[in-house]
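Please open the structure beside its sequence and keep both in view. We will walk through the fold together, one part after another.

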Amino acid sequence: MEEAVVENGLAIDQLYMLVIVSLTLNVFSFFSFAYMLMTRGKNDMTPKLQADIKKLTNDVKLLDIKVRDFQPKRAVTEVPPIEAFGGFKAEEPTAEVEDENGLNFEVINPFLEKYNLLAASMSVPKQRQACETFIKDNDLKMIHYGGLMNFVSAVDVEESNYWAWKIPNKKNLYAVVPNPMIPCDREVYERGGMNTTFEANYKDGVYARYVVLSPATFIIDESNAWKLQNVGELNLIRK
């Protein structure tokens, strides 16, 4: 846009003219003052010259004020942007820490602790009642191993080889532990699916107690069949 911008009745080109006049008068004032010094005390023109210089100086000051008033105003777009407030920030929710199998042990550990306590009490009377109560209280599903990696749902606690606990916030994923009522012998370890479902310290003989370090994980499909996803880890104790 080439049109002259008018502010307070004066165009920008007029403003530049005022600046030139101001500079000229300043130069003239300087030389006049120098001339006055050179001729002081030599003639009677000095008082009049002093008065003229004083008037000229006042005129220059007024002109400088007008020039400053008529300076173009900065556009709003030239104003430096205001920095964003760097105050407190709401903390992001802490992400849940999961292992390589997608298990969050902060969620699973309370269940494992209760299970391991139950498994340690299998030598006391009424173990079946204690197991049934545990299954009910934790809404567990019972699993039976049919061979050839075939896991199916069971209906009786003593016939089940494994118990499955639904992991919260994980679609169709279950944490699976052994039935603590059935000791781990060679038959259970090799033919009961224990050696393919868990990594364990089994060598030979009979182990009366299970300590689950990490559960196996299963999913259950539309045909009610259980599919092993990840093996668990067991510590077997003989007595």
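What follows moves from the whole chain to its strands and then to its aromatic residues.

A word on conventions comes before the tour. This is a predicted model, in which local features need pLDDT of at least 70 and side-chain atom pairs count only at pLDDT 80 or more, while totals for chains, interfaces and linings use all residues. Residues are numbered from 1 along each chain as its sequence is written, and side-chain values use heavy atoms, with hydrogens and water left out.

Let us begin with confidence. The average pLDDT (the predictor's confidence in each residue, from 0 to 100) is 76 for the protein, and 57% of the residues score at least 70. Where pLDDT is low, the predicted coordinates should not be read in detail.

Now for the overall picture. The protein has 6 helices and 11 strands; these are DSSP runs, numbered from the N terminus, of H or I with at least four residues for helices and of E with at least two for strands. Of its 239 residues, 33% are buried, where buried means under 20% relative accessible area, with a 1.4 Å probe and protein chains only. Among contacts with a separation of 6 or more, 54% are between residues 24 or more positions apart.

Strand S3 (residues 141-145) runs antiparallel to S5 and is joined to it by 3 bridges; DSSP must find at least two bridges for two strands to pair. Here Met 142 has Trp 163 as its bridge partner. S5 is also joined by 5 bridges to strand S6 (residues 173-178), again antiparallel, and Ala 164 has its partner in Val 176. The hairpin of S5 and S6 has 6 residues between the strands, and Asn 169 takes a positive phi near 65 degrees there.

Trp 163 leads us on to the aromatic residues. The structure holds 11 aromatic pairs. One of them joins Tyr 115 and Trp 163 edge-to-face, at 6.5 Å centre to centre and 90 degrees between the planes. This pair links distant parts of the chain, with Tyr 115 in helix H3 (residues 105-119) and Trp 163 in strand S5, 48 residues apart. Rings of Phe, Tyr and Trp (its six-membered ring) pair if their centres lie within 6.5 Å; planes under 30 degrees apart count as stacked, over 60 as edge-to-face and the rest as tilted. Tyr 115 is buried, with a relative accessible area of 0%, and Trp 163 is buried with a value of 0%. Ring pairs also bring Phe 111, Phe 134 and Trp 165 into a cluster with Tyr 115 and Trp 163.

Finally, turn to an open sheet of 3 strands, ordered S7-S11-S8 with mixed pairing. Strands S7 (198-199) and S8 (209-214) stand at the edges with a single partner strand each, so one side of each is left without a neighbour in the sheet. S7 runs parallel to strand S11 (residues 232-237), joined by 2 bridges, and Glu 199 stands opposite Glu 233 in S11. Ser 214 belongs to strand S8 and is buried, with a relative accessible area of 12%. Leaving aside residues up to four places away in sequence, Ser 214 touches Leu 103, Phe 105, Phe 198, Gly 232 and Glu 233.

Notes
Buried means under 20% relative accessible area, exposed over 50%, partly exposed in between (1.4 Å probe, protein chains only). Contact means heavy atoms within 4.5 Å.
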